[in-house]
Amino acid sequence: MKIIVLNGSPKGIESATMQYILYIQKKFPQHEFKILNIAQQIKKLEKSDEKFQEIIEEVKNSDGIIWGFPLYVMLVPSQYKRFIELVAERNNEDAFKDKYTAVLTTSIHFYDHTAINYMNAICDDLEMKYVGSFSADMFDLMIPKKREQLILFVENLFNAIENKIPTTRKNLPLIKHPFEYVPEKLEKEEEKIDTNGKKILIITDSVDRSSNLGKMIQRFQSCFSTIVEVINIYDLNIKGGCLGCIQCGYDNICVYKDKDEFTEFWSVTLESADILVFAGNIVDRYLSSRWKMVFDRSFFNGHIPTLREKQFGFLISGPLGQIANLRQIIESIPELEESNFVDIITDEYADSKIIDSLIYNLAKNLIMLSQSGYKKPQTFLSVGGNKIFRDAVYGRMRFVFQADHRYYKEHGFYDFPHNDKYAKKMNEKFIPLTQNEKFRKIFYSVLKTEMIKPLKSIVDNPDK
Ligand SMILES: Cc1cc2nc3c(=O)[nH]c(=O)nc-3n(C[C@H](O)[C@H](O)[C@H](O)COP(=O)(O)O)c2cc1C
């Protein structure tokens, strides 16, 4: 069998993910594996359709495709996403149709599920036969039991190809409802909003002012009594996607720092805003690869939240309601930045009046919440994610991400449960006592009332 591996690591063959592939290759010498360094070559593939078509030919002539990539900011690296976009832009989807496929990714399991969901959806959209995904921790290959599982996974893929096993489809095709948004002037009762000194920035990839997104942005701007600045991420000089070199881990300085405008854009422009509105078009099952490049490049900050204490709004053009995975990714951004997620307005309502009023309301809320300093409680999106970072930075990743470690130490990120003196005392006291059946009976009969006692004391004295 001929298996094509589409390598999504910008590091090319010097990639952790590709070590898994090379291992598989050694274990299955009866099959031919060909690794194509997609992400590393993306600029060439963009420039030369001839080079791009060579990849497409390889895909056509294969028995199976492995999408092998590192997790980058909850998804695939921007360079890989660009390749997926090129497949659609150059009408080469047919090459992938009916091909058996699987995903192999490495990461530290931070939002690996959203990247897998994304790739699964892309494979479904390409009408491929998606066998499954294998999400390995970066160093799982060192563990014999994990290697066994990897072999089983690959055997399953080969078996599916050989026996033409039917595969399930997780995602229905996206339905696009053509609609032109035509904003109107503010209603009489909609007064122009005073920003009250709050700095608002709109960041967008919209290049067409007459597109729905372009008009949504203008509508948003028109809600205010002063000019609200728009920055187009295509106008920024960004030399390329994140290279994955991790040199930033030491001091948060990107290797591109003096070569393009990205560091200044993030650390000066974005960080100085009180309110950020990210506006984007949905491209396939995410935003554009340009937006992805921005998120990937922000990795020079390591795992430190840098856009703190802000209000975030989103203007999105496209079928977000059909892509729950993307909604989750978007909602997680403000939370992980220790900021507040306010709302997402899309053009899916297909009713200009409704969109007008929702945008006005978003504009009002952003100012109001910025003034009051409201921040929603954290959810699993950041509580769970931050624990993964905390453990990794405290432990095995500390020598690489030294800047993270300094920040985490200074800002109380190392909140391991073993530092909780109260929990320690209670555990020491009650675990031995509950070994006794008689005590246990009494214990569980009063537990409910005892557990809410400290909360009740607050309710009983609300003004304390
Ligand atoms: C820019 C960047 C973003 C990353 N984002 C994530 C992430 O969202 N989740 C995660 O678990 N790991 C993330 N990682 C870690 C990589 O996925 C991990 O180190 C991977 O094994 C690298 O594979 P490679 O050597 O094949 O490129 C990120 C690494 C980089 C450089």
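Reader: Which residues line the second largest cavity?
Author: Keep in mind that this is a predicted model. The second largest cavity has a volume of about 50 Å³. Around that space sit Phe278, Ala279, Gly280, Leu287, Trp291, Phe295, Phe314, Ile316, Ile330 and Ile333.

Reader: Okay, and which element gives the largest share of the lining of the second largest cavity?
Author: At least two residues each come from β8 (275-281), α10 (289-297), β9 (311-317) and α11 (324-336). The largest share is 3 residues, and it comes from β8.

Reader: What about the second largest pocket, where does it lie?
Author: About 460 Å³ of space lies in the second largest pocket. Of its 23 lining residues, the closest to its centre are Ile42, Lys43, Gln79, Gly241 and Met293. Residues of the lining come from both domain 1 (2-162) and domain 2 (200-372), so the second largest pocket lies between domain 1 and domain 2.

Reader: Which element gives the most to the lining of the second largest pocket?
Author: The elements giving two or more residues are α2 (42-47), α4 (78-89) and α10. The one that gives the most, with 5 residues, is α4.

Reader: And what volume does the largest pocket have?
Author: The largest pocket is lined by 43 residues, and among those nearest its centre are Leu71 and Phe389. Its volume is about 1100 Å³.

Key. Residues numbered from 1 in each chain as written. Predicted model: local features only at pLDDT ≥ 70, side-chain atom pairs only at ≥ 80, totals over all residues. Heavy atoms only, no water. 1 Å grid on protein atoms, 1.4 Å probe; cavity = no way out; pocket = protein on both sides within 12 Å on 5 of 7 lines; lining within 4 Å. Points joined across faces, edges and corners; volume = space filled by probe spheres on them. Helix = DSSP H or I, 4+ residues; strand = E, 2+ residues; numbered from the N terminus. Domains from an automatic or database assignment.
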